[in-house]
Amino acid sequence: MSHQDWSSRDSQFREYPSPRCNRRRFLQGGSAALAGLGLSSCGWTLANVQTTQGEPRGDRDRLYIYTWAGYTDDDLLAQFEAQTGIRAIADVFDSNEAMLAKILAGGGAAYSIIYPGDYMVTKMIEDGLLMPLDLARIEGLNQLFDNYQNPSYDPGNQHSIPVSWGTTGLIYNRQSLGSDPENWDYLWNNQSQLLRQVTMLNDVREVMGATLKHLGYSLNSANPDEIKEAYDALVNLKPAIASFTSDAWRPQILTGDLKIAMGYSVDASEIMEEDENLGYVIPSNGGSLWTDTLAIPKTAPNPDAAYAWINFMLQPAVAAEITKRLSFATANRVAYEQLPEEIQTDPTLFPDTATLAECETIAPVPDDISQLYDRYWTQLTSG
């Protein structure tokens, strides 16, 4: 499968003793430097990425980053410093909503680079929280796939640059199931055989979105009746659900304590290497398509360093090594072309056009609808 099969579509962690990581452990590092781009196969250690108390944050030779846990490591930061002379220090968040809350509360004024997901980019643009990018200062934009040069969540990349993308679907144990799941309907149709054997993500929009797709609706429905129907369907499914978790399912599915886990494509790609009996399916009635990005908040104290970080991350060799090691589908066309054929043709990472055509990106919904989602989610997860 060539990259043309999927690039025409718009796209979109936990301490676990695996040689690889999940979506929210993007760059756990240790002994191998990115200089030379020869990363060691195992043994990376999570960087100490918490901010040093008392350090001045307006220095021109300092870059403070607000990112997903594990998206930076000692080696990546050291390589950036070697190239630019700028010391990068990363603080971490565990959700788009937590990041936004900190920015809105004024606690994000120190950061010059943040990593919002696609739907959060749209919301932050609407709220006037992101600095418009000077695209003339960014090198390598023409190396992105065409759809990432004009993504729907940020047309023309006026406020963000894509870093990685993937899908959400079902990870399952072939030996434990009578048949392979093809879509979300499998969970409801086989509920009696799945009691306490399924985990769902700890994410309201992902879980409600998957259930809406199961019912034949848009993942981004703003119809209160459809959202209520999705909630009722999840209440009905709840006896099969062991927990709502984005990471604890990994050891459980490896030991056979779980049959199915809702998860991200990157996690699926990683864990299937550990057990040949595990599979991953993007449901035929549609999963979610997610993208994580780089953006500069309007309050950034060091925009020059932020542009340097963006250019560093756009280097094809850096992006390609990230994809090879950590199974993130890259938005960088030149980096993709540097990947081995077995990665380029991996349907878990690079699904075909027909599969992607059924997927949707999570999009912001009106505040009253967002509150409705949250209310149902609280009722579902607290009962």
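Reader: So, are Asp267 and Arg250 buried or exposed?
Author: Both Asp267 and Arg250 are buried. Buried means under 20% relative accessible area, exposed is over 50%, and partly exposed is in between, with a 1.4 Å probe and protein chains only. Keep in mind that this is a predicted model: local features need pLDDT of at least 70, side-chain atom pairs count only at pLDDT 80 or more, and totals for chains, interfaces and linings use all residues. Residues are numbered from 1 along each chain as its sequence is written, and side-chain values use heavy atoms, with hydrogens and water left out.

Reader: What do the side chains of Asp267 and Arg250 do?
Author: They meet in a salt bridge, at 4.0 Å from N to O. Asp267 sits in helix α9 (residues 265-272) and Arg250 in helix α8 (residues 249-254), so the pair ties together parts that are 17 residues apart in sequence. A salt bridge here is a side-chain nitrogen of Lys or Arg within 4 Å of a carboxyl oxygen of Asp or Glu. Helices (H or I, at least four residues) and strands (E, at least two) are DSSP runs, numbered from the N terminus.

Reader: Which residues are linked with them in a network of salt bridges?
Author: The network links Arg250, Asp267, Glu270 and Glu274.

Reader: And how many salt bridges does the structure hold?
Author: It holds 11. One of them joins Asp232 and Lys228, at 2.8 Å from N to O. Those two are 4 residues apart in helix α7, so about one helical turn separates them. Asp232 is partly exposed at 35% relative accessibility, and Lys228 is partly exposed too, at 34%.

Reader: Where does Lys123 find its salt-bridge partner?
Author: At Asp127, with 3.6 Å from N to O. Lys123 is partly exposed, with a relative accessible area of 25%, and Asp127 is partly exposed at 40%.

Reader: Switching to strands: how many residues of β7 are buried?
Author: 5 of its 5, over residues 260-264. Ile260, Met262 and Tyr264 point one way, while Ala261 and Gly263 point the other way.

Reader: Which strands pair with β7?
Author: Strand β4 (residues 161-173) runs antiparallel to β7, joined by 5 bridges, and there Ile171 has Ala261 as its bridge partner. Strand β5 (residues 198-200) pairs with β7 in the parallel sense over 2 bridges, with Val198 partnered by Ile260. Pairing means that DSSP finds at least two bridges between the strands.

Reader: OK, what about α1, what do its buried residues pack against?
Author: They pack against β1 (62-68), β2 (87-93) and α10 (303-313). The buried residues of α1 (residues 74-84) are Asp75, Leu76, Leu77, Gln79 and Phe80. After α1 comes Gly85, with a positive phi near 80°.

Technical notes
Contact means heavy atoms within 4.5 Å.
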